[in-house]
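Dear colleague,

I am passing on the structure below, followed by my notes on what was found in it. Please read the notes with the sequence and the coordinates open beside them.

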Amino acid sequence: MGWARSLSRGRGPELSGPELQPPPSSYCCLLLSPALLLGARVIRPAFVLGSLPDRPASGGRHIHLTASCCSDSKAASLHWTSERAVSVLLLGLLPAAYLCPGSMVDYSLAAVLTLHSHWGLGQVITDYVHEDKLVKGANASLLVLSALTFAGLCYFNYHDVGICRAVALLWRL
Amino acid sequence: MAALLLRYAGRPCLRAHLSPRLCIRNWSLPMAMSICHRASGIALSAGVSLFGLAALLLPGNFESHVELLKSLSLGPALIHTAKFALVSPLMYHTWNGIRHLTWDLGMGLKIPQLYQSGVVVLALTVLSSIGLAAM
């Protein structure tokens, strides 16, 4: 959903930068990569945009593939797949935390939980923060928050009882 | 959600301003469930972050905090309600997340299937939340 919104904003071809930025809307990139981690037929986000962008550019806009466009699309596609892989991993960790609690599961949970929430909140920022000036600040604050959260969870796992045992203790209330 | 963001930015309350945007739309189950998926995700992230920050900043270890809670002698009804309140966003987000992953595999995208899977997710959420809160 976040990618689709960004595509419709009609960003110019000079778009480049961190891999979380969506590919430029004026280029036609059809991704037909094979399924990777999910092991089944995965529908990749198809950035098929045959039409010209909303705002008219001087001299018309040529639809062509540049290296920056393709690497941006590949990065976006990889990010999308990684998000799903982390979701599946987290799904597997929840019963693992119940059935075999321990420090392995504790640290895995800390990492996967923080990453999943970081990427999820990143999509929320992409969807609701539109001003270019605010986007960088919002993403930076999110990074700080996620880093602190991960540090806190690891600290808890190391110095305290650990996530699995903490939930067990809380539930025995 | 947009109203919340703008309120924090210092603008006046925009409920009246937003009402055509909210009242004109025909609210549908998939739309409401999508909003709840995002809301539960944000709430869960906030909870995890608060937990992590509390681990870094608050004095005392976890067991001392649990002892403090025990000393409050809260009634079992209140404890069960609190457990249900904690677990239901997690269960909703988990089951609806599985629904999202099946969509990503290209399955269940027809409109009737959307509504059917939505109802299944809601039922599973209620049942699993009740089950986990009772444990």
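Is Arg38(B) buried or exposed? Arg38(B) is buried, because its relative accessible area is 15%, where buried means under 20% relative accessible area, exposed over 50% and partly exposed in between, with a 1.4 Å probe and protein chains only.

Before the rest, please note that this is a predicted model, in which local features need pLDDT of at least 70 and side-chain atom pairs count only at pLDDT 80 or more, whereas totals for chains, interfaces and linings use all residues. Residues are numbered from 1 along each chain as its sequence is written, chains are lettered from A and ligands numbered from 1 in the order in which they are written, and side-chain values use heavy atoms, with hydrogens and water left out.

The interface

Contact (heavy atoms within 4.5 Å) links 31 residues of chain B with 36 residues of chain A. The area buried between the two chains, that is, the accessible area (1.4 Å probe) lost on putting them together, summed over both, is about 3,000 Å², and carbon and sulfur atoms give 75% of it. Arg38(B), Phe62(B) and Asp104(B) supply 21% of the area that chain B buries against chain A, more than any other three residues.

The salt bridges

A salt bridge is taken as a side-chain nitrogen of Lys or Arg within 4 Å of a carboxyl oxygen of Asp or Glu; the structure holds three over all chains, and two are found across the interface of chain B and chain A. In one of them, Asp127(A) pairs with Arg38(B), the closest N and O atoms being 2.8 Å apart, and this pair runs from helix α3 of chain A to helix α3 of chain B, helices being DSSP runs of H or I with at least four residues, numbered from the N terminus. Asp127(A) counts as buried, because its relative accessibility is 1%.

Asp104(B) forms a salt bridge with Arg84(A), again with the closest N and O atoms 2.8 Å apart; Asp104(B) lies in helix α5 of chain B and Arg84(A) in helix α2 (residues 67-99) of chain A, so the pair joins two chains. Asp104(B) counts as buried at 12% relative accessibility, as does Arg84(A) at 17%. Arg84(A) also forms a salt bridge with Glu83(A), at 3.0 Å between the closest N and O atoms, and salt bridges that share partners join Glu83(A), Arg84(A) and Asp104(B) into one network.
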